[in-house]
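I'm opening my notebook on this one and jotting things down as I look them up.

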Amino acid sequence: MSTNTAMPSPGVARVRVPERSVRQDLRAVKIVWQRELIRFFRDRLRMFTSLLQPILFLFVLGTGLSTLASGGIGGLSLRTFMFPGVLSMATLFTAMFSAGSIVWDREFGFLREMLVAPVRRSTIVIGKCLGGATVATFQGVIILCLAGLVGVPYSPALILTLLGELLLLSFTITATGVMAAARIQNMQSFFALVQMFMMPMFFLSGALYPLSNLPSWLQVLTRINPLTYAVDPMRRAVFDHLDVSAATRHALVSGVTWWGWQVPSWLELAIVAFIGLIMLGISIAEFRRTE
Amino acid sequence: MRKIDVSADGGVKVKQPAVSVRGLAKRYGKVEAVRGIDFEVAPGEIFGFLGPNGAGKTTTINMLCTLANPSAGSAAVAGHDVVSERDEVRRNIGLVFQDTTLDNYLSAEQNLRFHAELYGMPRSVLPERMRRVLEMVGLWERRKSLVGTFSGGMKRRLEIARGLLHSPRVLFLDEPTIGLDPQTRSSIWNYIEELKRSEDITIFLTTHYMDEAEYCDRIAIMDSGRIVVLDTPEALKASVGKDRVQIETEDDAAAIEALGRQFGVEAEIHEGSVTFAVAQGEQFVPRLFAGLGVPIRSVSVSRPSLDDVFMSYTGTTIRDAEASASDHMRMFMRARR
């Protein structure tokens with residue numbers, strides 16, 4: 001590196017771009033991640049609007065519906081039950097929006113700046129997914145702060161468990177979004193697609209109602225919905241820290257079953273992680289292609 | 001094809017070409033965007049690709065900067081093959097695209113920092129290098145501002161600064177002045193010329209502005225995916241030799257017919273006026289008035305320009321070639337000097 005600080009203006013402060021290495025790749029991941037954060041925290045409006053919907057579900061829909069079963073279900077408020085579902089909802093929208101920014105980047109050209117850089121394409125995709133996961137988890141944390149208002153205790157163990165699960169979910173959702181975004185040319189189509197998939201996924205995830213005693217067609221649909229496997233462990237974690245009778249717990253958190261077999265939380269989380277990694281792999285492959 | 005004398009800069013050492021292209025072609029489905037082109041660019045040269053929109057200039061640049069794979073042929077940039085040594089090429093080139101590729105939600109400084117990290121620039125040299133490129137394009141004072149608040153010209157300048165940040169050996173500028181006002185265009189050219197003086201760099205650019213091509217050391221004229229001619233602007237103009245005369249008449253068809261019959265001159269209608277080329281145009285004009293027999297409303301005579309070069313090699317003016325272009329600014333082609 002032949003740089004000389006004392007050199008006057010016409011002197012060439014020449015930089016040499018180093019060979020590709022793991023360290024360089026990590027720097028690339030980090031800067032792509034950092035950009036997501038800078039953009040997210042600069043856009044206060046987006047932060048606010050994407051929080052509005054989950055809060056509406058939790059406090060308006062949740063409160064309204066609980067009047068149907070006065071006194072709650074087994075002494076438990078519907079809002080407490082819905083809390084993990086609303087948590088996942090908050091991250092769902094933010095993570096999708098983050099992933100969608102790839103379409104935006106393509107439309108506004110910034111993607112090209114990243115694609116001609118002498119780094120592995122995978123670093124850009126990984127940085128993007130981690131960035132989306134971070135900001136989506138951050139949105140989740142804001143909802144998490146409201147836990148006390150709906151009767152969920154602020155236990156450190158619970159908070160940590162939920163945080164970890166949120167991070168995993170956010171990563172998988174972002175990776176899925178990036179995979180879709182890689183093929184889509186404009187923002188309208190991306191959001192049309194997201195709208196088409198997101199609401200059904202949310203409604204079929206058990207975020208709003210228990211998964212037991214459903215008619216069989218709904219049983220099947222909920223079982224093939226990946227989001228189900230993220231919401232269920234979060235709900236179990238919450239109920240582990242609640243003081244409820246075994247009967248109530250059984251009625252509300254029977255968990256996900258496959259032909260009568262109870263799927264353990266660790267396997268559910270492994271499924272979410274596995275889907276995330278597959279989506280990440282597909283995204284990387286898509287971005288590696290040159291025309 | 002003439003070779004440029006590279007020893008002009010002191011003749012220090014024999015250098016490999018900055019860009020070397022052999023039989024390069026690109027096909028998109030049935031469309032042949034580039035149909036086999038060959039050329040070399042010497043280090044330190046300002047090399048221009050001139051041609052109408054759709055001639056294949058951008059496709060060629062995309063192949064040279066590893067964004068598109070050639071369908072046939074090969075190309076090397078800074079001594080590295082664009083297909084097999086893609087990363088090497090990417091490390092050694094800077095790019096300024098036709099459309100802006102900045103992040104509007106980041107500040108000027110953050111955009112540059114993003115670039116520096118992505119290119120793995122040593123952190124110790126970054127502040128100085130950043131200051132240098134930003135000062136060069138006159139944006140140092142605005143470094144903290146969000147790029148979204150910049151004008152089109154400022155964005156283009158920032159992109160040039162970013163393209164230079166990692167000291168590339170070849171800087172590609174795809175239509176660097178498109179869509180900018182004349183004043184900003186000329187300031188962009190000042191930067192490019194300063195660059196040539198102060199940085200050890202080769203500049204490869206495309207343009208469809210004829211007047212801009214004159215800033216280049218050598219020009220390749222491209223039309224329908226082929227290079228029709230490649231030479232210095234002076235040599236190209238000399239090769240045309242004749243002056244261009246444009247006349248407005250009461251009856252263009254009769255005028256064209258009369259020109260052929262009376263003077264043996266082949267005329268065509270370009271940009272709304274009867275256009276033809278003759279040696280020593282000024283002396284031809286009096287004879288024209290005396291012998292044409294069709295009332296003439298106006299006459300303009302121009303020394304050979306690159307427009308004429310383009311016309312004589314492609315049979316059409318660049319404006320006619322892209323009639324859709326919205327920037328019709330002048331009715332008459334005027335002599336530049």
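Predicted model: local features only at pLDDT ≥ 70, side-chain atom pairs only at ≥ 80, totals over all residues.

**Two helices in chain A**

I started with how helix 3 of chain A goes past helix 7 of chain A, and found a right-handed crossing.

Next I looked up the angle. Helix 3 covers residues 78-107 of chain A and helix 7 covers residues 187-203 of chain A; their axes come within 10 Å and cross at roughly 160 degrees. That angle makes helix 3 of chain A roughly antiparallel to helix 7 of chain A, because anything over 145 degrees counts as roughly antiparallel.

Then I wanted to know which residues meet. On the helix 3 side of chain A I wrote down A:Met89, A:Leu92, A:Met96, A:Gly100, A:Val103, A:Trp104 and A:Glu107. Facing them from helix 7 of chain A are A:Met187, A:Phe190, A:Phe191, A:Val194, A:Met198 and A:Phe202. Sorted by class, this contact has 11 nonpolar residues, one polar and one charged.

**The sheet in chain B**

Over to chain B. In what order do the six strands of the open sheet lie? I read off 6-7-8-3-9-10, with mixed pairing. Strand 6 (93-96) and strand 10 (226-231) of chain B are the edge strands, so called because each pairs on one side only. From one strand to the next, the twist averages 15 degrees.

Strand 9 (residues 218-223) of chain B runs antiparallel to strand 10 of chain B, and five bridges join them. One opposite pair I noted is B:Ile221 and B:Val229, the latter in strand 10 of chain B.

Something also lies across these two strands: helix 11 (residues 306-314) of chain B. Helix 11 runs at about 45 degrees to strand 9 of chain B.

**Two domains in chain B**

Domain 1 is 6-231 and domain 2 is 237-321. How far apart are their C-alpha centres? I got 37 Å.

They do touch: nine residues of domain 1 of chain B are in contact with nine residues of domain 2 of chain B. On the domain 1 side, the elements giving two or more residues are helix 7 (210-213), strand 9 and strand 10 of chain B.

Terms used: Residues numbered from 1 in each chain as written. Chains lettered and ligands numbered in written order. Axes fitted to C-alpha atoms, helices over the stretch in contact; angles between N-to-C directions. Helix = DSSP H or I, 4+ residues; strand = E, 2+ residues; numbered from the N terminus. Parallel < 35°, antiparallel > 145°, perpendicular 65-115°, else oblique. Left-handed = near helix turned anticlockwise from the far one by under 90°. Contact = placed C-beta atoms within 7 Å. Nonpolar A, V, L, I, M, F, W, Y, C, P; charged D, E, K, R; others polar. Pairing = 2+ DSSP bridges. Domains from an automatic or database assignment.
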